[in-house]
2 protein chains.
Amino acid sequence: MEEKLQELKQHLTEVNDLDAAAGLLYWDQSTYMPPGGAPARARQLSTLRRLSHDKFTDPAIGKLLDELQPYADSLPVDHDDAALLRVARRFYERETKVPSSFAAEMSAHAVEAYQVWTAARPDNDFARVQPYLEKTLELSRQLANYFPGYDHIADPLINYSDYGMQAATLRQIFADLRAALVPMVQAITAQEPADDSCLRHYYPETDQLAFGLDVIKDFGYDFERGRQDKTHHPFATKFSIGDVRITTRAKDHYLAECLFSTLHESGHAMYEQGLNREYEGLPLGRGTSSGVHESQSRLWENVVGRSRGFWEHYYPALQQTFPEQLRGVSLDEFYRAINKVERSLIRTDADEVTYNLHVMLRFDFELALLEGEMVIADLPDAWNARFEEDFGITPPDQRDGVLQDVHWFAGRIGGAFQGYTLGNILSAQFYAAALDAHPDIPTQIGQGEFGTLHTWLRENIYQHGRKYDPADLVARVTGQPLTIAPYINYLRTKYGELYTL
Amino acid sequence: MEEKLQELKQHLTEVNDLDAAAGLLYWDQSTYMPPGGAPARARQLSTLRRLSHDKFTDPAIGKLLDELQPYADSLPVDHDDAALLRVARRFYERETKVPSSFAAEMSAHAVEAYQVWTAARPDNDFARVQPYLEKTLELSRQLANYFPGYDHIADPLINYSDYGMQAATLRQIFADLRAALVPMVQAITAQEPADDSCLRHYYPETDQLAFGLDVIKDFGYDFERGRQDKTHHPFATKFSIGDVRITTRAKDHYLAECLFSTLHESGHAMYEQGLNREYEGLPLGRGTSSGVHESQSRLWENVVGRSRGFWEHYYPALQQTFPEQLRGVSLDEFYRAINKVERSLIRTDADEVTYNLHVMLRFDFELALLEGEMVIADLPDAWNARFEEDFGITPPDQRDGVLQDVHWFAGRIGGAFQGYTLGNILSAQFYAAALDAHPDIPTQIGQGEFGTLHTWLRENIYQHGRKYDPADLVARVTGQPLTIAPYINYLRTKYGELYTL
């Protein structure tokens with residue numbers, strides 16, 4: 001058995017190494033690659049991904065998994081080997097159920113749809129992408145149907161990123177959240193808006209970058225095992241547990257962009273840096289779901305990084321870095337500015353209170369489209385109607401309306417958005433559990449100390465990687481299933497102090 | 001046939017893509033990778049190389065090559081497809097003749113030998129590396145013996161990097177060259193040495209880097225398809241014809257380091273950037289040999305970059321960049337400084353006149369070791385004796401003597417060094433042919449214009465990649481076989497003006 005297990009691990013590590021190489025090719029493409037490298041790079045990425053898929057779906061892996069099943073069954077459920085075999089089998093079955101020819105068709109279509117979208121978006125031309133989206137929807141349905149036995153056709157798609165989560169459950173969670181959020185947004189936006197003009201002076205990029213790096217060093221992001229570079233869209237990426245990198249971007253005239261994107265990505269990266277080293281190169285060595293991953297980025301970005309305590313410590317340093325720009329701006333004014341709530345068009349720019357309404361809109365449309373309750377041609381009007389309903393504003397164009405997100409143009413319709421809101425919910429639920437264990441965490445944050453929080457997260461969440469499925473992890477860490485109560489409580493408390501609620 | 005050819009090309013491109021990915025992993029490791037990434041990176045590189053080897057030695061490729069042989073035979077010898085099939089078959093046979101288990105043993109040994117060397121070199125401890133070198137020698141002999149029918153046991157090893165070249169031929173060429181060089185070195189070093197103290201002031205790195213970039217932009221290195229980064233050891237690397245990068249390093253107190261390493265690597269890179277785009281991803285898409293490659297780096301570094309005409313144009317700009325450091329230093333003084341000839345210990349730091357003596361010493365030892373005329377234990381004494389004979393100085397330690405080069409500790413003994421001297425010889429032979437075609441090239445260089453030379457090189461050398469074997473290329477471009485006459489003539493003329501010869 002030991003020998004077969006080693007053989008399986010060796011095989012899985014090869015797959016991992018191909019994926020890591022593809023990850024580096026992508027990172028390089030986003031950071032340092034000269035423009036002339038683009039055509040060959042696309043080909044190389046597709047070669048690596050195809051080889052990885054071929055290697056992972058090799059029947060030899062299936063055979064090893066079968067042979068090792070009695071061993072897995074003999075182990076306690078939370079034994080590392082049991083978890084490895086469970087997760088490897090799940091992925092193996094997922095990949096082998098989808099014929100290679102279909103996967104190839106889907107990814108070729110995604111490349112084409114993405115290209116059309118990049119040209120159509122600036123032109124506000126939904127009509128041009130419509131046939132591509134229709135094909136995407138058809139392919140997404142077909143993909144789901146390779147996993148028969150679902151309750152809702154979106155379930156298999158949701159399971160790609162948030163394993164164990166179902167459309168019906170999400171609908172209920174989101175409805176409850178929505179019921180709490182809509183009145184909160186209405187109450188806040190009826191009041192005098194926060195003044196965030198102090199964030200919109202000229203802030204030299206170099207100083208913005210340096211300040212962000214100082215903060216995440218304090219958080220405990222390990223620069224011996226990571227680095228930060230600039231890209232058009234910020235992201236975190238892992239090549240091994242010893243090499244987890246982040247990227248950021250800066251706007252000369254908007255201080256919040258670079259700083260909070262750095263904090264956000266450092267949350268993703270600390271999760272991956274905190275993995276059990278034994279999981280290196282194996283399927284367990286990765287955050288357990290899109291929602292749990294996002295909970296870690298949101299926790300550091302928002303729960304910590306937009307808290308008043310945090311800025312009690314850092315605001316003097318920020319003022320010292322930008323003395324001209326922040327002269328005469330009090331801590332309270334600054335704190336209000338970085339937590340300004342407003343009805344805005346763009347999901348990625350939205351504040352904590354309105355953000356989830358953007359997500360739910362997309363999630364509901366995904367379900368309706370997959371169910372056939374809605375057709376692609378309805379999207380532009382439906383988008384604007386729902387936007388009017390939720391935000392009281394109508395998008396002035398499609399570019400910043402129905403065409404704003406890449407997700408539907410880069411893969412599939414279904415399962416693309418729920419992780420963001422799950423992440424927000426879980427960031428508060430996990431943080432509440434951390435406070436239960438260590439009530440002094442807020443005091444420490446107010447002193448720029450994050451060791452207790454970071455250690456708690458590493459011990460309870462980071463190190464486990466995929467050993468626990470998302471629902472099991474949440475129950476284990478918080479003693480409860482996923483619940484919105486801590487998140488609502490967090491928002492009510494925080495925004496109740498900033499506004500009259 | 002067309003279909004089979006496409007299938008072969010597709011297969012070869014996959015191998016190329018794995019190699020390109022490995023190349024990027026190595027580039028990243030040398031430039032931006034955080035230290036924590038090292039262990040997994042070594043594993044990932046070895047996975048990619050193994051998969052590339054497995055894929056290339058897949059019997060399916062052999063079968064396609066066999067099936068396509070009649071097609072190849074039906075074509076004119078300089079047809080692209082004929083060249084592709086010829087080169088692919090050569091590599092396929094080379095790779096399949098060596099058992100995978102032996103290749104794995106050899107590369108595992110190289111990793112170990114390299115690690116021992118990096119520790120033993122600072123300690124001047126040849127004894128520690130001796131058993132590893134003995135094993136390397138034994139493995140190198142075994143490797144050669146997978147290619148029976150050679151005239152000299154070094155021939156198969158030389159053929160890895162300089163295809164078609166033989167030990168006997170090289171011995172004769174090197175003996176002739178040596179007969180011309182030794183008296184030249186003696187004559188020069190008997191005279192007052194050049195004063196290069198002007199190169200040894202403090203030169204800020206940023207300005208050094210910027211100046212070098214300006215020069216190679218003028219050369220025609222295409223930054224849309226390349227970039228320069230800093231590494232411990234400079235190198236050029238290609239991920240595709242659209243992405244050929246160089247690296248450099250700078251010394252604060254030695255102006256010649258960064259500049260000439262940039263010029264050198266740009267020569268390698270312009271060769272690869274100048275390839276026929278049709279060869280992208282295929283075995284033809286690469287410089288044809290180590291010697292021809294080195295001829296291009298040496299041509300731009302030395303024949304152009306250390307010429308008086310070149311500095312007539314660039315010296316004023318250099319003085320403007322470094323006004324303090326070069327105040328009162330005349331063009332003639334500067335020109336003498338960058339062409340200082342001296343008996344020095346380190347090959348990589350050697351001037352144009354003495355450089356080849358360093359190479360020949362190593363080459364002769366490689367042959368003697370492979371022949372069994374010499375044993376590893378003899379190396380330290382033999383090194384010092386030969387050094388005394390050729391340079392009139394004895395290395396004060398092993399670190400800067402027998403232990404100075406990585407080559408024998410990173411692979412094999414045999415075929416590692418001849419390319420450097422072949423490159424020097426060919427740089428002059430090719431340049432002479434360029435002047436025959438365009439006698440105004442030196443005048444243009446004196447005006448900072450390199451278009452004629454670059455275009456001539458691209459048309460005659462760069463674009464062909466491996467389409468022509470090295471000897472065929474030399475004959476085609478210069479109308480003669482490889483000959484040392486232009487090189488001797490170049491050195492005599494240049495150094496005859498700088499010294500009394």
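Here is a short chat about the predicted model above.

Biologist: What should I know before I start?
Modeller: It's a predicted model, so to speak of local features we need pLDDT of at least 70, side-chain atom pairs count only at pLDDT 80 or more, and totals for chains, interfaces and linings use all residues. Residues are numbered from 1 along each chain as its sequence is written, and chains are lettered from A and ligands numbered from 1 in the order in which they are written.

Biologist: Switching to strands: how do β2(A) and β3(A) pair, parallel or antiparallel?
Modeller: Antiparallel, over four bridges. Strands (E, at least two residues) are DSSP runs, numbered from the N terminus, and two of them pair if DSSP finds at least two bridges between them. Thr237(A) stands opposite Arg245(A).

Biologist: What joins those two, β2(A) and β3(A)?
Modeller: A hairpin, through two residues.

Biologist: And what about β1(A) with β3(A)?
Modeller: That pair is parallel, over three bridges, with Asp229(A) opposite Thr247(A).

Biologist: Is β3(A) mostly covered or exposed?
Modeller: Mostly covered: six of its six residues are buried, meaning 20 or more other C-beta atoms, placed from the backbone, lie within 10 Å of a residue's own.

Biologist: Which residues point which way there?
Modeller: Asp243(A), Arg245(A) and Thr247(A) go one way, and Val244(A), Ile246(A) and Thr248(A) go the other. In a regular strand, side chains alternate between the two faces of the sheet.

Key:
A residue is buried if 20 or more other C-beta atoms lie within 10 Å of its own, exposed if 12 or fewer, and partly exposed in between; C-beta atoms are placed from the backbone.
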